[in-house]
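The sequence and structure come first, and the notes follow.

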Amino acid sequence: MTQPIMKRGAFRYLPCGVKVVGTPSQNVWEGELDWCRIVERHVQFWIGDLLNYGEQAYGEKYAQAIAATGLDYGTLCNMAWVAKKVQFSSRDENVSYRVHQVSASLDEPEQAEFLAAAAREHWTKRDAELHLRLFKRSKSGPIPTVDGTY
């Protein structure tokens, strides 16, 4: 059997799944699901920030990261670019990484407004892409809503 990549309480994380050891309570199981949701939602920023740090601190970036993560060059480049373009002060934990990715082409003040609207209106990536197109067409005034109001 493959060795676990990580152990968290009763849970053994393997390359292709999770094995449960013993009988964790429903509360513990729900907590582990929540932890997985948090990791899934934020790991792209974590990797992007680590890549940018590695480049600044060691002059290294992609060769080591490809070996360490198994992710391809394009994916890693994108994560590093989004993490560099969307500063900590603009990031919103209630907005998905994909929506942040859409906002990365905006200037910082526009990003903050865009991400605040995304959080307020619970945008998907598709919603964000539509709003970005509308915003770039208008290029003035607030970020329009899908129904065209401001």
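## Cysteines and rings

The sulfur of Cys36 lies 15 Å from the closest cysteine sulfur, that of Cys16, which is too far for a bond. A disulfide is a pair of cysteine sulfur atoms within 2.5 Å, and the structure holds zero disulfides. The model is predicted, so local features need pLDDT of at least 70 and side-chain atom pairs count only at pLDDT 80 or more, while totals for chains, interfaces and linings use all residues. Residues are numbered from 1 along each chain as its sequence is written, and side-chain values use heavy atoms, with hydrogens and water left out.

Rings of Phe, Tyr and Trp (its six-membered ring) pair if their centres lie within 6.5 Å; planes under 30 degrees apart count as stacked, over 60 as edge-to-face and the rest as tilted. The count by this rule is five aromatic pairs. Among them, Tyr53 and Tyr58 have ring centres 5.8 Å apart and planes at 85°, so this pair is edge-to-face. Phe114 and Trp123 are also edge-to-face, because their centres are 5.0 Å apart and their planes are at 70°.

The table gives the accessibility of several residues. Buried means under 20% relative accessible area, exposed over 50%, and partly exposed in between (1.4 Å probe, protein chains only).

| Residue | Relative accessibility and class |
|---|---|
| Cys36 | 31%, partly exposed |
| Cys77 | 22%, partly exposed |
| Tyr53 | 45%, partly exposed |
| Tyr58 | 57%, exposed |
| Phe114 | 0%, buried |
| Trp123 | 8%, buried |

A charge sits over a ring if NZ of Lys or CZ of Arg is within 6 Å of the ring centre and within 35 degrees of the ring normal. Arg8 lies over the face of Trp35, 4.0 Å from the ring centre. The charged end of Arg91 is over the ring of Phe88, at 4.5 Å from its centre.
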